[in-house]
Amino acid sequence: MTAREMFEQFKQRFGPLIVRADLPSDNRLFVFVDPSSVRYVTQHIFRELDARYVATIGADDRPFSGKFLVSHNFAFDKEHLLCGVLAYLPPDKPQIDSITDMVPAASWGEREMRDLVGIEPVGHRYLKRLVLPDGWPEGSHPLRKDTLWNEVPAEYNPEREFKFDEAPEGCMVVPFGPFHPTLDEPAHFRLFVEGEMVRGCEYRGFMVHRGIEKLAESVMNYNDIPMLAERICGICGCVHNVAYVQSVEEAAALKPPPRAEYIRTIMLELERLHSHLLWVGLACHIVGFDTLFMQSFRIREPIMWMAEKISGNRKTYALCVIGGVRWNITPELKVELRAVLDKLESEWRPVIAAVSRDKNIQKRTCGVGVADAGLVKNIGLIGPVARAAGVDIDCRRDHPYAAYDRVEFNVITEQGADVWSRLLVRAKEVFESIRIIRQCLDKMEDGPLQLEIKDELPIGRMGLSSVEAPRGESHHFVITGENNRPRRWRVRAPTYQNLQGIPAMIKDQQIADMTISLGSIDPCFSCTDRLETVDLRSGSVKVWSQEELLKLTRKKAGR
Amino acid sequence: MKAVIWMIVGGLANVGLVLLVAPLAQGVLRKVTARIQSRQGPPLLQPYFDLLKLLGKEDIESGESPGMQRFAAYLSLAAILAVACLVPMGFSAPMNGAGDVILLIYLLTLCGICTLLAGLAAGSTYSLVGISREMMSMIVLEPLFAIALVVGALHAQSFRLNEVLSGSVYAVAGTPYSGLIMLVVMVLSFQAFVQRVPFDISEAETELMEGPLVEYSGPKLALFKYAHMAKLIIYSALFVTLFVPWGSGLFLPLAWLLFWAKVFVLVLLVTVVAATHARYRIDQAIRFFAGLVGVSFVALILASYGH
């Protein structure tokens, strides 16, 4: 079904509720509705038309239209259609009906919108702070256009602490994180534990929010941002790099040259290869099976070298600019890449054969961290977590981008909905990635790497891009703007949705299963937090207070 | 008088030997593990340097009750070294006259108690979860070794160390059913006694951040690590004397070498099992041990009827 047909269907159903619609292509649909009917429209789309919830975006559009803007994005995966339901809100007291009672997956999206843009989701049942630090004063919203990018409100109080929920009766609180051997990045779970059983948990994350979106919207330009975007994550950086570039290209109606599209596909699949191998290793480490951890890192290493040969870096490829790519894959590199893939395939096959027969690993992973198809739908879980529950979604096939429409591959699904199924999905996807890269190398035609862009990019256009990261769909939303930079750029990384499923996945499980359950979504807190760690090298011994550290970082940043 | 002096000298020799060999066994274990994992691995003598490094560090008092923390660290090494005095290591047991198998069982239990004390002293949530796991596994594990020793004692008609710790489990006329059953039981549970994967549940780094040891650092941690290494050697020695006595009748240097060769084979076995398994969950482990306890009771009954 094309966007036009879907729109006709909407018109019949909603009629006068639709204020305006944009149909930039066959696969994109933006419907502007009256704010009071957002609940009705989204419920229909989510429940009756069975769309998948993708993201909620709030934007301060006052300097341009005089209003606030909210967009609930949905995906019709079978129809290959991404759809935004948008509503303009009055500038003085922006509020909109919460859709979380019908679309539970929107919970974080609405809380983030409330924190950062100050749009109140009326009727949201759990309006605790999500993104902003505890000491941040009420009423100050960083993503509003009248807040400067480097502004810290005068009332900021670093002493204020987060109010955690009360533990249920008879439960002991086990703090998990911010620092824990299996957490590579800070996140805090308060587990409510009865004996060895987890009865519930509360999550407090976003501890090192970097404000990347604000930075992009206020000081960087279109071609700086891809380099910033890939620093969102240390493992799937290229995904964000490509997704951002694609959403801008879509908004500006640019089509990169075919060779660039093939190179993007190859790099994305290389990234998936190294990420899946890394995940299998870490998962084994979590359950105490260090031998496979070491072996998968050994098998993974040549991929990293290959990436370095192509881009100059093991990670953080700095691949895309608007309208193309920066690195070529020369005939020599092609030969080498093929050899690396052959070796990887021949080494990975026996590993998987051994693991899939291993009763010992199955004992720790079967029936653990279950997220069934119902939970997948309600919380909007994606990627291997969804596919392991038999939900057949994959953006590479459903919303093709780069050169994915020109290659053949299978979408791997399993039925177990547990950690074991997720392990199988990832293990088998490695072979599909190898297949995709080989086809790309065969089909890649000669030609330019970049599009020549002579004109300014158009202003006020919207672009969406969903890229299938190793962890699931990474969704970028862009509104183009003045000064050679976007007005609004919103990143929804896969972990953002998958993390919301964790409380349900670990409930009534053993505390020993908590780490592997959390590990099974391949959590990437930096994607969620958009954080960065700062390595401080100081010759003398000194204990830094939070105040001093802030001062130091600000001095370094030249403020 | 002369006998007493020999007893003390022998005991000290055993203690010295264990202290000397334990880090080497750990080094072998680490090297072999690394090889299985396609790694280079640390030098064989690395565990000695690790211990020296830890011993040279600042002694920090932390946790809820630092006194008990210190006591637990001393006691853990002391208890396991006391066991060393009672175990024949290629020679007959030096303290043969001073203690019997019952004392041995008590001292082995004391080692587990130290872990509990350490966890209680730390008082952190993780250490408490760790000791609750340790306690659960102790309750089902300790009877296993005790039954193995009692089976030996029943066959030997004596609780004396030298008589029990010389392959006594097979000392019956005809097929030693009870001894063979206990051999299988001990092989299956051996990883748990020496606290290695898949049964290092109470310390599980990736779950509990070393559990009871979470607050330990510096010299006190060194003592615990040393005790941990010594445990591997001593349990291996006990296993060898109880279940693999063959060749102990040879003339001295050869018997002695054979004994240590057997101990190192056992260490290698432990290494390979640890490197090829994932950690079990506590409930899975307890179910497994409980099954073994049931089987070993059968062995006990058989033994009491002289089979």
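## A walk through chains A and B

Start by selecting A:D50: just after helix α2 of chain A, this residue takes a positive phi of about 55°. Helices here (H or I, at least four residues) and strands (E, at least two) are DSSP runs, numbered from the N terminus. Before going further, note that this is a predicted model, in which local features need pLDDT of at least 70 and side-chain atom pairs count only at pLDDT 80 or more, while totals for chains, interfaces and linings use all residues. Residues are numbered from 1 along each chain as its sequence is written, with chains lettered from A and ligands numbered from 1 in the order in which they are written.

**Stop 1: helix α2(A).** Now select residues 38–48 of chain A. Which residues of this helix are buried? They are A:V38, A:V41, A:T42, A:I45 and A:F46. A residue is buried if 20 or more other C-beta atoms lie within 10 Å of its own, exposed if 12 or fewer, and partly exposed in between, with C-beta atoms placed from the backbone. An α-helix has 3.6 residues a turn, so residues three or four places apart point the same way. On the face turned away from the buried side you will find the exposed residues A:R47 and A:E48. To see what covers the buried residues, show elements including α1 (3–14), β2 (28–33) and β3 (52–61) of chain A.

**Stop 2: two domains of chain A.** Colour domain 1 (3–144) and domain 2 (212–529); these bounds come from an automatic or database domain assignment. Their C-alpha centres lie 26 Å apart. In all, 23 residues of domain 1 are in contact with 22 residues of domain 2, where contact means C-beta atoms, placed from the backbone, within 7 Å. On the domain 1 side, β3(A) gives the largest share, six residues. That side divides into 14 nonpolar, six polar and three charged residues. Ala, Val, Leu, Ile, Met, Phe, Trp, Tyr, Cys and Pro count as nonpolar, Asp, Glu, Lys and Arg as charged, and the others, Gly among them, as polar.

**Stop 3: A:T147.** Pick A:T147, in the loop between β7 (120–122) and β8 of chain A. With 17 C-beta neighbours inside 10 Å, A:T147 counts as partly exposed. Leaving aside residues up to four places away in sequence, A:T147 touches A:S140, A:H141 and A:P142.

**Stop 4: an open sheet.** Next, show β8-β9-β10-β16 of chain A, four strands in that order with antiparallel pairing. Strands pair if DSSP finds at least two bridges between them. The edges are β8 (172–176) and β16 (509–510), each pairing on one side only. Zoom in on A:M197, whose bridge partner in β16(A) is A:Q510.

**Stop 5: across to chain B.** Show both chains: 26 residues of chain A are in contact with 23 residues of chain B. On the chain A side, α9(A) gives the largest share, five residues. Finish with helix α11 of chain B, residues 282–304: its 23 residues reach 32 Å from first C-alpha to last, close to the 33 Å expected at 1.5 Å times one less than the number of residues. The buried residues of α11(B), among them B:F289 and B:L292, pack against α5 (125–156) and α7 (177–193) of chain B. Just after α11(B), B:G306 takes a positive phi of about 85°.

Key. Contact = placed C-beta atoms within 7 Å.
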